[in-house]
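Subject: Structure for your files

Hello,

Here is the structure I promised to pass on. My notes on it follow below.

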Amino acid sequence: MVGVASLPRVSRVPRPSMTLAFAAAIVVLWMEAHRMVQGLKDAAFRRSVDEADVIADVIIVGAGLSGIGAACHLLRNCPGKSFIVLESRREMGGTWDLFRYPGLRSDSDMYTLGYKFKPWPEAKSIAEGSTILNYLRETASDYGVDRHIRCDHRLEQASWSSADANWTLDIRHADGSSSQLRCNFLLLCAGYYDYTRGNSPEFKGRDRFRGQIVHPQQWPGDLDYRGRRVVVIGSGATAVTLVPVLARDAAHVVMLQRSPSYMFAAPDIDKIARLLHKLLPSSLAYAITRWKNINFQRLTFRRARHRPEQVRKFLTDRVRAQLGPGFDVDKHFNPHYQPWDQRLCLVTNGDLFKAIRSGRVSMVTDEIESFTERGILLQSGDEVTADIIVTATGLTPTVMGGATLSVDGEEVDVSSCYSYRGVMLSDVPNLTSVFGYINASWTLRADLVSEYVCRLLRHMDHTGSLQCTPRLRPEDRGMRQRPFIEGFSSGYIKRLLPLYPRQGDHAPWTSPQDYAVDKKVFRHGALEDGVLQFTRPASAGRRLAS
């Protein structure tokens with residue numbers, strides 16, 4: 001009989017299915033643990049953004065045309081800089097997401113309103129608002145800017161500390177909560193008007209009107225104007241855009257203006273640009289078209305300034321050709337001011353003139369006495385009846401995006417500061433603000449300012465500076481004060497000037513509103529000019545990148 005101890009020992013081999021199951025379980029557990037850790041990291045980062053412990057190199061305020069462009073410039077020219085883009089609204093896009101009225105479009109060509117680094121891809125050079133919004137979203141996505149945008153972050157107060165060499169930003173959110181962020185450099189790209197309310201004059205008897213009153217900035221999505229009588233008050237770009245579109249379905253539209261504007265008809269497709277795109281690579285065709293349009297803008301503006309009566313005759317003669325000999329062009333389309341004292345109004349494809357010729361639109365040039373139950377009583381004694389009144393009466397200006405500023409505990413009165421190159425404020429460190437062109441496309445200057453900011457940041461890194469501040473020299477202190485914008489009489493310009501900084505009478509305390517001049521200064525001008533002071537406070541600690 002053989003004992004058990006003498007039996008050969010056999011090793012137990014694991015079943016293949018058990019081995020695979022065990023390995024799979026380890027992988028699943030590892031992935032779950034990694035997901036949890038990453039989730040904690042993401043939550044911590046979100047809290048840091050929404051609360052108080054973020055220190056970024058740069059914070060951009062505004063995720064519209066200027067802000068998205070500035071972020072792209074930072075990514076392209078200062079790739080080592082950390083930054084955040086704050087947007088007060090729930091979506092990016094600025095003007096092109098805010099306004100929703102029918103027919104919303106650009107009043108500048110997209111070859112110059114678009115970015116230099118992002119060719120405009122569409123056939124129409126005068127584009128609908130939705131197409132421009134898509135272009136902005138695509139740009140933000142292509143460059144990864146969308147990952148840096150924090151919506152529902154309204155800047156209320158920005159406080160500079162020289163000891164720490166940073167800005168502390170007080171942020172308000174839609175739910176009423178608040179948070180703080182910190183940065184070394186602040187770039188304001190929030191535009192020049194209040195997004196929450198349009199300019200609405202106090203019309204006498206407004207409460208008596210039995211119909212509906214609408215401002216284009218708060219256009220109701222459910223407004224039904226089909227078959228109804230509409231009066232549009234205004235003669236600027238919004239009214240010129242809106243009136244012919246409303247006329248397609250309304251019973252009748254009256255464009256009621258206190259005084260006329262200069263208008264000119266132009267096609268929404270640039271035939272030269274389309275030909276160039278057929279013959280040349282897209283990027284080259286875009287660059288040539290952009291150069292052509294920039295120089296055409298500059299030429300027409302200079303001609304208007306030097307030979308205003310010749311330009312006036314040219315514009316009014318073109319309107320006469322559109323409307324025929326029986327129309328009173330002098331009353332309705334010949335302003336009392338000179339061409340380019342206010343922006344010219346673009347009539348795309350002549351649509352407003354076509355609507356007038358068809359009888360669907362009437363022009364009335366008169367002043368308002370009061371609103372009535374049935375419409376509007378004019379000072380001439382005539383009454384214009386209406387079911388809907390649209391007050392296309394402009395924008396409410398704001399400065400610094402509506403935020404207040406302080407430097408080392410002292411509040412900054414922006415209107416008492418001098419403007420350094422139309423970009424910075426005297427005695428305010430590490431802050432730039434974008435204000436585009438009145439006499440050309442806004443983005444041309446926004447792009448140049450962003451390039452300039454990148455030059456400043458690289459120079460500060462090269463010199464080891466943490467602070468750059470424009471300061472008046474002894475020879476600057478007696479210079480003549482001038483308004484921030486000169487030579488323009490538009491209502492919104494008059495409303496914003498009391499809020500804005502002053503110009504001096506010599507560089508660099510001027511803002512010439514001239515692309516050729518700005519291009520030389522912002523791209524090639526000396527940074528160490530004796531006015532802009534670069535310093536590194538001894539007490540400033542080491543900054544932490546977000």
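The model is predicted, so local features are given only where pLDDT is at least 70 and side-chain atom pairs only at pLDDT 80 or more, while totals for chains, interfaces and linings use all residues. Residues are numbered from 1 along each chain as its sequence is written, and side-chain values use heavy atoms, with hydrogens and water left out.

Sheets

Helices (H or I, at least four residues) and strands (E, at least two) are DSSP runs, numbered from the N terminus. Two strands pair if DSSP finds at least two bridges between them.

Five strands make up an open sheet with parallel pairing, in the order β8-β17-β9-β10-β13. Its edges are β8 (212-214) and β13 (361-365); each has a single partner strand, so one side of each has no neighbour in the sheet. On average, neighbouring strands of this sheet are turned by 20 degrees against each other, direction ignored. For such angles, axes are lines fitted to C-alpha atoms, for helices over the stretch in contact, and angles run from 0 to 180 degrees between N-to-C directions. β8 and strand β17 (residues 388-391) run parallel and are joined by three bridges, with Ile-213 opposite Ile-389 in β17.

Another open sheet has three strands in the order β14-β15-β16, with antiparallel pairing. Here β14 (368-371) and β16 (383-385) are the edge strands, and each has a single partner, so one side of each is left without a neighbour in the sheet. Strand β15 (residues 375-378) runs antiparallel to β16 and is joined to it by three bridges; Gly-375 stands opposite Thr-385 in β16.

Strand β24 (residues 467-470) is joined to β25 by four bridges, and the two run antiparallel. Cys-468 stands opposite Phe-534 in β25. In a regular strand the side chains alternate between the two faces of the sheet. Strand β25 (residues 532-535) has Leu-532 and Phe-534 on a covered face and Gln-533 and Thr-535 on an uncovered one.

Aromatic pairs

Rings of Phe, Tyr and Trp (its six-membered ring) pair if their centres lie within 6.5 Å; planes under 30 degrees apart count as stacked, over 60 as edge-to-face and the rest as tilted. The structure holds 28 aromatic pairs.

Tyr-115 and Tyr-135 are a stacked pair, because their ring centres are 5.8 Å apart and their planes are at 25 degrees. Tyr-115 lies in the loop between α4 (110-113) and α5 (129-142) and Tyr-135 in helix α5, so the pair ties together parts that are 20 residues apart in sequence. Buried means under 20% relative accessible area, exposed over 50%, and partly exposed in between (1.4 Å probe, protein chains only). Tyr-115 is buried at 1%, and Tyr-135 is buried at 2%.

Tyr-420 and Trp-509 are an edge-to-face pair, because their ring centres are 5.7 Å apart and their planes are at 75 degrees. Tyr-420 lies in strand β21 (residues 419-420) and Trp-509 in the loop between α13 (491-496) and α14 (515-524), so this pair ties together parts that are 89 residues apart in sequence. Tyr-420 is buried at 0% relative accessibility, and Trp-509 is buried at 0% as well.

One aromatic cluster includes Phe-435, Phe-484 and Tyr-500.

Cavities and a pocket

On a 1 Å grid over the protein atoms alone, a cavity is a set of points where a 1.4 Å probe fits but cannot get out, and a pocket is an open set with protein on both sides within 12 Å along at least five of seven lines; lining residues have an atom within 4 Å of a point. Grid points are joined across faces, edges and corners, and a volume is the space filled by probe spheres set on the points. Ala, Val, Leu, Ile, Met, Phe, Trp, Tyr, Cys and Pro count as nonpolar, Asp, Glu, Lys and Arg as charged, and the others, Gly among them, as polar.

A search of the whole structure finds three cavities of 30 Å³ or more. The largest cavity holds about 80 Å³, and its lining includes Phe-435, Phe-484 and Tyr-500. That lining has nine nonpolar, three polar and no charged residues. The second largest cavity holds about 60 Å³.

The second largest pocket holds about 1000 Å³. Its lining has 32 residues, with Phe-264, Ala-266, Phe-296, Gln-297 and Thr-300 nearest its centre. The largest share, seven residues, comes from α8.

Regards
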